Amino acid sequence: MVRELLVKGVGDGIVSMQGLIAQGRGEAFDYLIGEVTTPSAASAEGVAVALMLLAENPVISVNGNAAALTAPGLVRLAKVVGAGIEVNLFHRTEERVRRIADLLRSCGCERLYGERPDRLIPGLSHDRAKASSEGVWTADVVLVPLEDGDRCEALVRMGKKVIVVDLNPVSRSAKAATVTIVDNIVRAVPRMIDVAGEMRGLQDAELLEIVGGFRNEDVLVSALGSMVETVGKLRG
Ligand code: PTJ
């Protein structure tokens, strides 16, 4: 069913052809972690939500894959944590930006950026660098699901706290991010919405306690550990 969403996304002009390859890569890692949200991914999801709730200007960056897989979920998450949404494409065409923006608006997105970018993120080629001053450019916390390594590194260099959702724990994005959620986006987003609902009433001090002591390397090592465990089970 998830695969079909991507195929439909290509037909609707939302997903790039490269997006299908990215999904295949993600699926391979998902099989290795057992297609479940591991405890360390669950804790990274909690830290990510706490960071977004603590942020001054949290922004969720949406690409073709993220839109096709979970546009309504991302809009809901943005509402619960008080974030804006920006359409940012790796393989940018204005037509695809427009289609994704329309999809997000049809899901109820009110604070939407990315259609008229007016800034360029330093260190990236022109189309990939495009950003909006009120969105990603001034965001202090950015959730970039399924992000490519260059953009993730560039956002970190700008001093932002960057949260990625990436099933590959050894991708450049996973290693560069402030918080890496090694989980399928279709499982991560609904969980984050629930967690955000629970955390919304917390004081800043309590949210800071959740964030304090988090080490992203631990999440990556733990994800790789889950994969090794899966291999171990094959030995009986
Ligand atoms: O729509 P665009 O033009 O912005 O392009 C989007 C893609 C995803 C094609 C582009 O950003 C890209 O090429 O990204 P990468 O470098 O392939 O990185 C995507 C990462 O997401 C890979 O490490 C995959 O393992 C991972 N991934 C793929 N599907 C999922 C996933 N992680 C979580 N959930 C998934 N469903």
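Let's start with asparagine 65, which sits in helix H4. One caution: this is a predicted model. So, is asparagine 65 buried or exposed? Buried, because its relative accessible area is 7%, and the cut-off for buried is under 20%. Look at its contacts, leaving aside neighbours within four places in sequence. Asparagine 65 is in contact with Leu6, Val15, Gly19, Ala22, Gln23 and Leu146.

Now the helix around it. H4 runs over residues 64-81. A straight helix of 18 residues would span 26 Å at 1.5 Å a residue. H4 spans only 22 Å between its end C-alpha atoms. Where is the kink in H4? At threonine 70, and the angle is about 95°. As for burial, 15 of the 18 residues of H4 are buried, so H4 is largely enclosed by the rest of the structure.

Next, the partner, helix H9. H9 covers residues 185-199, which is 15 residues. From its first C-alpha to its last, H9 reaches 20 Å. That is close to the 21 Å expected at 1.5 Å a residue. The buried residues of H9 are Ile185, Arg187, Ala188, Val189, Met192, Ile193, Val195, Ala196 and Met199.

How do H4 and H9 pack? Their axes come within 9 Å and cross at roughly 10°. Angles under 35 degrees count as roughly parallel, so H4 is roughly parallel to H9. Which residues meet? On the H4 side we have Ala66, Leu69, Thr70, Gly73, Leu74, Arg76, Leu77, Val80 and Val81. On the H9 side we have Ile185, Val186, Val189, Met192, Ile193, Ala196 and Gly197. By class, this contact divides into twelve nonpolar, three polar and one charged residue.

Helix H1, residues 2-11, packs with helix H2, residues 17-32. The angle is about 170°, and the axes are 9 Å apart. H1 and H2 are therefore roughly antiparallel to each other. From H1, the contact takes in Val2, Arg3, Leu6, Val7 and Val10. From H2, it takes in Met17, Gly19, Leu20, Gln23, Glu27 and Tyr31. The contact of H1 with H2 has seven nonpolar, two polar and two charged residues. Leu6, Gly19 and Gln23 belong to this contact, and they are also among the residues that touch asparagine 65.

Two more sites. First, alanine 101, in helix H5, residues 94-106. Alanine 101 counts as buried, at 0% relative accessibility. Not counting residues up to four places away in sequence, alanine 101 touches Val87, Leu112 and Glu115.

Second, phenylalanine 214. Its place is the loop between helix H10, 204-211, and helix H11, 216-234. Phenylalanine 214 is partly exposed, with a relative accessible area of 22%. What does phenylalanine 214 touch, again not counting residues up to four places away in sequence? Ala44, Val47, Thr178, Val179 and Val219. Leucine 112, a contact of alanine 101, lies well along the chain from here. The C-alpha atoms of phenylalanine 214 and leucine 112 are separated by 30 Å, and the residues are 102 apart along the chain.

Conventions
Residues numbered from 1 in each chain as written. Predicted model: local features only at pLDDT ≥ 70, side-chain atom pairs only at ≥ 80, totals over all residues. Heavy atoms only, no water. Axes fitted to C-alpha atoms, helices over the stretch in contact; angles between N-to-C directions. Helix = DSSP H or I, 4+ residues; strand = E, 2+ residues; numbered from the N terminus. Parallel < 35°, antiparallel > 145°, perpendicular 65-115°, else oblique. Contact = heavy atoms within 4.5 Å. Nonpolar A, V, L, I, M, F, W, Y, C, P; charged D, E, K, R; others polar. Expected span 1.5 Å × (residues − 1). Buried < 20%, exposed > 50% of the residue type's maximum accessible area, 1.4 Å probe, protein only. Bend = angle between axes of the 7 residues up to and from the residue.
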